[in-house]
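These are my notebook entries on a structure that I went through chain by chain. I set down what I looked up and what I found.

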Amino acid sequence: MKKKLVSLLLVGVLTAGLAAGCGTKEGEENPNNNDNNNTESSESNESNDNTESNDDEQITYSNKQIIIGDITETSGDITPYWTNNASDYSAFKMITGLGTVEVDRDGKWVYNEQVVKDVQETENEDGSKTWTYTINDGLKYSDGSAVTAKDYVFQLLFWYSNEVVTDLEASEATASNCQYYVGGDAYLNGESDTFEGVHLIDEMTFSVTVDAANLPYYYGKALVSVTPDPIHSWCPEDVDIVETEDGAKFTDNFTAEHIGDTVEAYRYNPTVCSGPYMFTSYDANAYAYTLTKNPNFPGNYEGQTANIETVILKYVAEDTLLDQLKTGAVDMITAIGTGDTIEAGLDLVADGGFDYITYPRAGYGMISFKCNQGPTQFTAVRQAVMYLLDRNAFAQNFTAGHGVVVHGPYGLQQWMVNEHAEDIEALNAYNYSPENAVAVLEEDGWVLNEDGSDYSGEGIRYKKLDDGTLMPLIIEWFSTDNNSVSDMIVTTLQQNPDVAAAGMQINQTVGSFNDLIQYYYDNTTENPYQMFNLATGFGNPYDVAYSFEPGSASNITALVGDEGQEIYDLAVAMNRVEEGDDTAYGEAWMAFIQKWNELVPEVPLYSNEFHDFFSSKIHDWDEDGYNNDYSSAVLYANVE
Amino acid sequence: MLKYIAKRLVYMVGVFFVVSVIMFVLFNNVPGDRALNQVQNMRGKVSNERFQEMYQQARDKLGLDDPIPVRYVKWMGNLLRGDLGYSTIYKKDVKEVIAEPLRNTILINIIATVLALAITIPLGIFCAVKKFSKFDNAVQVFTIVGYSVPIYIIALVFIYLFSVKLGIFPISGMNTPNFQGTGFAFLVDRLYYLGLPLLVMTVASLGGMTRYVRAAMIDALRMDYVRTARAKGLKEKVVIYSHAWRNALLSVITLIIGWFMSIFMGSIIVEQVFQINGIGLMYYKGLLGQDYDIALAIQMLYCVITLISNLVTDLSYGIVDPRVRINK
């Protein structure tokens, strides 16, 4: 408060001084209000008036409040079904809990004993498998209302309903696992009003049935992770769920018109929470969520409840990230991956008063190709690009040494990487080699001039296609503006003289991110672009089969033909390993990675070493990198 | 006078429609597929056929398959009824999306404008009266520097100085997150956060207006009626403020009214740097996110403000200067 008054005085003095100011006296007296009835100073900066002391290593935690700075802008739309900003989603995860299955610190999916009283796994005759859950008595939402099986069934039925997804446009995300359940497609498409694979058995019991086509599944439990949602918060009182032989369904009054207003109102104010925190408010002017500890939360899979009373999740612009931390505007900034910022953060830590942790990113920055058209439909061309880009130097420069180069779609935190360290080491690293680039191109038939004569050694190479036409080795690249990675690709690849010397040309088109996404998802052969640069993360479960499914809209790289089928089969084989058979899974995973490394549908550029920087008053902060955000780490943290 | 206003209003309506057509056509011809943006996330989660259905529904809702004239008529009809459209980024009505940012922008700009005028007018007058004095020369130097340095640089320098080094102001935002205070405490908190952006906006606008006022006053002070007033033995204050300033005001009035009208317009740079939830930033986000209903709504708001501002400026000439009679 004192600071506020001082600053206000400064403004006042400036105003009064200059206004009066044309020269007379410049405020010879300071209207110095040292008075300060500071009723509220909710900032958790230096001046905390708490009783703790650090003497003799005795740390007493106040656990009053933590302000987490997030570089993704918050929108206030906390439920991730309409808009899906990463920061909103982190807040959402903190207010959502009581899942039947959760991820442990090793990235494994485990039943949550705080919730699940009993679970029966039944193999059905048709090959499908049913999980029947009985939940514990006494589970409550943050408002004290009881959590029942109906709330779990509601979560599945509601977020996967045609009414909500299509009519109410909640299409940014869906109830994550419903696509794997029996009758999921028919229910979502509105062909059936019952969800065949979901049953409400009694007040505390419900079941979900995974379709035989999706089994076995190595991450089996992940498919049956369900969280509750309060039906009478999202829907009017007269909407209910009824159980039928064909599955659970909503009462007939479940229409977009009937539920629309209730949904719209609750969407921004989800105060009935199941997670360790409950939604208190969103302040659009501070870009900040305020979440307070949920007294009714029984704990996560380990029984851990939140320590810190209030979590404020606040957007901070990248330009002023470290300044915000330094000045105490935030207590923590997370997932910092750019080299310059990390270096500046480490300097801050060296100055004292701050600390940091580091963990590998579950993802990477990459160049992605369209493998169904243009020169990049040929594996040799994609491999040539790999050889023509010095990825080690690229990663070193971009991350300032706080990142690594990977040779496939994996992250260093994955247990499979450790298990197969030797195989990973043996992957083709595609070390910078213009000679190898030329060799693979020539072997693939890029040996002609524009007129069909033998390649002269200068200019663009051509290849004779099956239909007799000549294809020039010109790759069309779409990138976004104001993108430092794109800038580096220009200097290290596009304008690299060795690229031209190899007979290759890369044309850059710059546009908005929305445009990039549109072209990136366009798998038609009419797409004018074959190369994009962006970043991606690996999910947990590590299920990439859908990304390679022939003909699927999710097959972004559009690998087709035998190659496409082969890598898809390997991705499916990975999923089809029996749950718990880690050895078989590791081998299937490695086989997939090796094939990917050979086909190079993407060029991995860098996999950052993420850094979280925080005030030294924060203790017990630990992130594993599996969760892609801090929503679980915050549960274990303490504040002096 | 009334006839003149009526004529100008008709002219304004014409200009409004011409601008709206140009803007609408421009926005609707920007490359990109807004419908696809809306349903992109459903790829792979639903069958290809279903995805196509959803995509088509989105196109129908946005009217993307209609010819541009039809789309324009629909859009304009809605606009005139107060329906500003639907934000594809925020998935809610534009009216709801821009209400709070518009309020914030107006609040900040009112304070900044009053603050700037309160400083620049007396300062400009004083400099004109004390022309070529040391003080005047110093002000000339500072104002030319302030006039030349982009506001973005001023903002960054001030952040470094006042926030990072001196720790007087917070770096960004409009209030303390989770601030529980009300009334005076809330006001203090709000001003504490807005202090730095206000300071930046004020400093950035000092140069131009101060120099303008000074120049206008110097011209006025050279006039014969000023000499006459002084010869009559009037007090210097009366000469300056009643005689010289009233006439100098004529050339400054356009600027002042322009400033006041611009309180509805956000400063993209200041709002971006200080993360102020204002209309300028919202416009910028709308453009970046191809959320054209937002961008168009704000653009048309700017258009209306500009037209009204021009009218008010012209009318004010007649009020300030009795020699000017607006009746044609």
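Predicted model: local features only at pLDDT ≥ 70, side-chain atom pairs only at ≥ 80, totals over all residues.

**Entry 1. Helix 9 of chain B and the residue after it**

I first looked up how many of the 8 residues of helix 9 (residues 224-231) of chain B are buried. The number is 0, so helix 9 of chain B lies largely in the open. For this count, a residue is buried if 20 or more other C-beta atoms lie within 10 Å of its own. I then looked just past helix 9 of chain B, where B:G233 has a positive phi of about 85 degrees.

**Entry 2. Helix 8 and helix 10 of chain B**

I next asked how two packed helices are described: by the angle between their axes and the distance between the axes. I recorded the crossing of helix 8 of chain B and helix 10 of chain B as right-handed.

Which residues meet there? From helix 8 of chain B I listed B:M209, B:Y212, B:V213, B:A216, B:M217, B:D219, B:A220 and B:L221. They meet B:A244, B:W245, B:N247, B:A248, B:S251, B:V252 and B:L255 of helix 10 of chain B. By class, I noted 12 nonpolar, 2 polar and 1 charged residues in this contact.

**Entry 3. The two domains of chain B**

I took the bounds from the domain assignment, which gives domain 1 (2-85) and domain 2 (95-320) of chain B. Taken over C-alpha atoms, the centres of domain 1 and domain 2 of chain B are separated by 34 Å. I found 15 residues of domain 1 of chain B in contact with 13 residues of domain 2 of chain B.

Which helices supply the side of domain 1 of chain B that touches domain 2 of chain B? Helix 1 (2-28) and helix 2 (34-39) of chain B each supply at least two residues. Helix 1 of chain B gives the most, with 9 residues. I classed the residues on this side of domain 1 of chain B as 9 nonpolar, 4 polar and 2 charged.

**Entry 4. Chain A as a whole**

I turned to chain A, which has 21 helices and 25 strands. Of its 640 residues, 50% are buried. I also looked at contacts in chain A between residues at least 6 apart in sequence, and 69% of these join residues at least 24 apart.

**Entry 5. An open sheet in chain A**

I traced an open sheet of 4 strands in chain A, with the order 4-5-8-7 and antiparallel pairing. Strand 4 (116-123) and strand 7 (198-202) of chain A are its edge strands, each pairing on one side only. On average, neighbouring strands of this sheet are turned by 20 degrees against each other, direction ignored.

Within the sheet, strand 5 (residues 129-135) and strand 8 (residues 205-210) of chain A run antiparallel and are joined by 6 bridges. I found A:T130 opposite A:T209 in strand 8 of chain A. Helix 3 (residues 149-159) of chain A lies across strand 5, strand 7 and strand 8 of chain A, at about 165 degrees to strand 7 of chain A.

**Entry 6. Strand 10 of chain A and its partners**

A hairpin through 2 residues joins strand 9 to strand 10 of chain A. A:A248 in strand 10 of chain A stands opposite A:F195 and opposite A:E243.

Conventions
Residues numbered from 1 in each chain as written. Chains lettered and ligands numbered in written order. Pairing = 2+ DSSP bridges. Axes fitted to C-alpha atoms, helices over the stretch in contact; angles between N-to-C directions. Contact = placed C-beta atoms within 7 Å. Domains from an automatic or database assignment. Nonpolar A, V, L, I, M, F, W, Y, C, P; charged D, E, K, R; others polar. Buried ≥ 20, exposed ≤ 12 C-beta atoms within 10 Å, placed from the backbone. Left-handed = near helix turned anticlockwise from the far one by under 90°.
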